[in-house]
Amino acid sequence: MQRAQRNSLRLLQWMMAASLALPVALFVITSAISYTSTRDIADREIERTLDVVHEHALKVFETIDRSLAELNEVVRGLPDDVIRAREPALHRRLRRLTDSLPQLKSAWIFDADGKALVNSLASPPPELRFADRDYFYAHVDQTIGSFIGTALTPRPPYQGARFFGVSRRRDSDDGTFIGVIQASVLPEYFESFYARIGSDAGSFFAMGRADGVLLAQFPRLERDLRLDPTGPVGREIAARPAHGLITVAWPSDGIERRIGYRRVAEYPIYVSAGLETSAIRARWLATMGQHLVFGIPATALLFLLLALALRRTQHLHAEAAKRREAEEALKHSQRLEALGQLTGGVAHDFNNLLTVIRASVDLLNRPQLTEERRQRYITAIADAVARAAKLTSQLLAFARRQTLKPEVFDVGERMQALHDMLAPLLGPAIEITMRLPTEPCLVHADAGQFETALINMATNARDAMQGKGRIVFTVEAAAAVPDTLAHAPGSQTLVNQNLGSQSLGSQSLANQNLANQNLANRGFISVTVSDTGVGIPAARLERIFEPFFTTKQVGHGTGLGLSQVFGFARQSGGEVTVRSEVGHGSTFSLHLPRVPADLLPQRQAPNTAPAVAGSGMSVLLVEDNIELANFAADGLTELGYSITLVDNATDALAELDMDADRFDVVFSDVVMPGMTGLDLAQAICQRGIGVPVVLTTGYSQALAQDGAAGFDLVQKPYSIEELSRILHRAARIRRVRDGAAE
């Protein structure tokens, strides 16, 4: 008891010290982070505002430029006396132009002596010379395009607001200077726009020429200002002439501001937007004030609750550690049992298949073998290979590591198409009833695996009825998966372990997330298979989805049919459920996530004439298994392909780097030591080598998780005919040289 009291006192002391020291440390760190964050937010605001200001200025000057260009076209080639004769009509045109553009005060057409031929203010214009204005004399001796002048005061008898000129040179047909076209732009138009968008405290805007002359500013400046090119602003612009962000004391008022600047396209104009640093600090201080008001009490309470919970947690952790040890021991024993059962089943079935193949090979080696018997042994070998490939596919589907090829299809249509296949498979003594919906029931899954799952459920129902009875196939929409799930705790544990692994692949997790999303949004499509068989006892119901578990007689089943259904459902983001009563049959339901009807792809006509002949097509074959490589090379060579064989990806890249043009296609195994086939394909793309790649594999963890990354894929085992068709389809079109394809 005394020891517990001492611990409690010590804990209270640490809590008292932490209640002061920790909040202070947190406040200091938070202050630094908050100041940086506040400044970053202010910089982003300045950049966004600068985008608006830049876009506004660019549109204004482009509009003025187009207007001057149009006026220049109107008077191009007209002598001054003709322009004076048309002065009333031209005056009205200039007047309409200035009325339509609020940024313009007036528009002018001058002769070579600086006298106004036409303007938008008065008709006829007074006899005044404007040759001393910068917007005029800048064009006399040179062609400089559009010129933007300094801010000027109207010359009597004209009056009103200050302006700056935007002007263009008038040339005769031989390039001689004959006058100027000028538009008077109002700085207050820009300042009014800045006032509307600069509602935040401390906002600042400016627009000036590249030589430092300011044309407009907000807050408004009552005097002319030219920035010193050697000053902080001038040096920054010289270092980064396109755009930048600086903190500087503005020369006109000495107030420190955070200012962003940007050049307006090809014009010698810069626009600026900024905030006073005092306004940025005010934001930061307001944020920290909220931390002080709410953070200190909350932090103190949090530490108090954590301290009080510590003692309770220590006891719970001790008990949890004991439970974890017991659970790990149980899981270990379950994994060993599952792996033992799986290994025995696989070894038994594969040994049977290998026996058939070995016996057929021995018989083929006998002399004087008739053609009929030779063909029978070859057929036996082909059938054994097909059964072995199907067994491997079922194992991978159960483990959820099969590389699926999902597509959008209508379950009702697919079931209708399966009817003709199921009738001879199930036998004449079994009545087949299909209840299909009238509306489309679309899912996104592997159509081949879906058909395999339906056939497995149908054959399981047939065997349960001993070949005689009634099977009902029903397709309908379901809002959710029923609570009566097929998998019992034993099979669930086995699946979650993935036959010995500790976690699901990323694709499985993604499919689980997809299932949850579809469950919330669109529901499921339920495919139900009901039979009138003997039913399944409750004791066996928990194990029916385990691999190689079967209630059938020896030689009548592998025990992988329902496990394939289970693996396909889970890998597709769905579920499989079962209801059964001894003597009253069983009902298996496959639930797949539903997709919208608009995702159904357009039907395409099948390719009825696939090309298989090589016709000299060059293939770079990359395969580390020399027997398989020789098999593929010999088969393709007989079909007219030219084969270059290498046994690793590094040598393949060396061949391509040496001369990639001599190859039409690269055919590579995925699983190889060192660089994999998928790494090779990605390296070919990254290096810009224009040779298509076809991959092959029996199983790859990378492909099971991430797919084939857009490359063509041939599943092992493959036939030479299938391989030749895919290579021919994937190969690039070669150039024609000397009358032959190369």
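The model is predicted: local features need pLDDT of at least 70 and side-chain atom pairs count only at pLDDT 80 or more, while totals for chains, interfaces and linings use all residues. Residues are numbered from 1 along each chain as its sequence is written, and side-chain values use heavy atoms, with hydrogens and water left out.

**Aromatic pairs**

- The structure holds 19 aromatic pairs, a pair being rings of Phe, Tyr and Trp (its six-membered ring) with centres within 6.5 Å; planes under 30 degrees apart count as stacked, over 60 as edge-to-face and the rest as tilted.
- F110 and F130 make a tilted pair, with 5.5 Å from centre to centre and 55° between the planes.
- This pair links distant parts of the chain, 20 residues apart: F110 belongs to strand β1 (residues 104-111), and F130 to the loop between β2 (116-119) and α4 (134-137).
- Both residues also belong to one aromatic cluster, formed by W108, F110, F130, Y135, F136, Y158 and F177.

**Overall architecture**

- The protein chain contains 19 helices and 24 strands, defined as DSSP runs (H or I, at least four residues, for helices; E, at least two, for strands) and numbered from the N terminus.
- Of the 742 residues in the protein chain, 43% are buried.
- Among contacts (heavy atoms within 4.5 Å) between residues at least 6 apart in sequence, 69% join residues at least 24 apart.
- The chain exposes about 39100 Å², of which carbon and sulfur atoms supply 55%; accessible areas come from the Shrake-Rupley method with a 1.4 Å probe, and for residues only the protein chains shown count as cover.

**A five-stranded sheet**

- Five strands form an open sheet of mixed pairing, in the order β12-β14-β15-β17-β16; two strands pair if DSSP finds at least two bridges between them.
- Strands β12 (430-435) and β16 (575-580) stand at the edges with a single partner strand each, so one side of each is left without a neighbour in the sheet.
- Neighbouring strands of this sheet are turned by 15° against each other on average, direction ignored.
- Strand β15 (residues 524-531) pairs with strand β17 (residues 586-593) in the antiparallel sense over seven bridges.
- I525 has L592 in β17 as its bridge partner.
- Helix α10 (residues 447-464) packs on the sheet, touching β12, β14 (469-478), β15 and β17, and its direction makes about 170° with that of β17; axes are lines fitted to C-alpha atoms, for helices over the stretch in contact, and angles run from 0 to 180 degrees between N-to-C directions.

- S67 lies in helix α1 (residues 2-75) and is buried, with a relative accessible area of 9%.
- Not counting residues up to four places away in sequence, S67 touches L97 and L101.
- R235 lies in helix α6 (residues 232-239) and is exposed, with a relative accessible area of 51%.
- Leaving aside neighbours within four places in sequence, R235 is in contact with P229 and T230.

**Confidence**

- The chain averages a pLDDT of 79, and 78% of the residues score at least 70; pLDDT is the predictor's confidence in each residue, from 0 to 100.
- Over residues 484-520 the pLDDT is below 50, and this stretch has 70 contacts in the model beyond near neighbours in sequence.
- Residues 604-611 also stay under 50 in pLDDT, and the model has four contacts for them beyond four places in sequence.

Technical notes. Buried means under 20% relative accessible area, exposed over 50%, partly exposed in between (1.4 Å probe, protein chains only).
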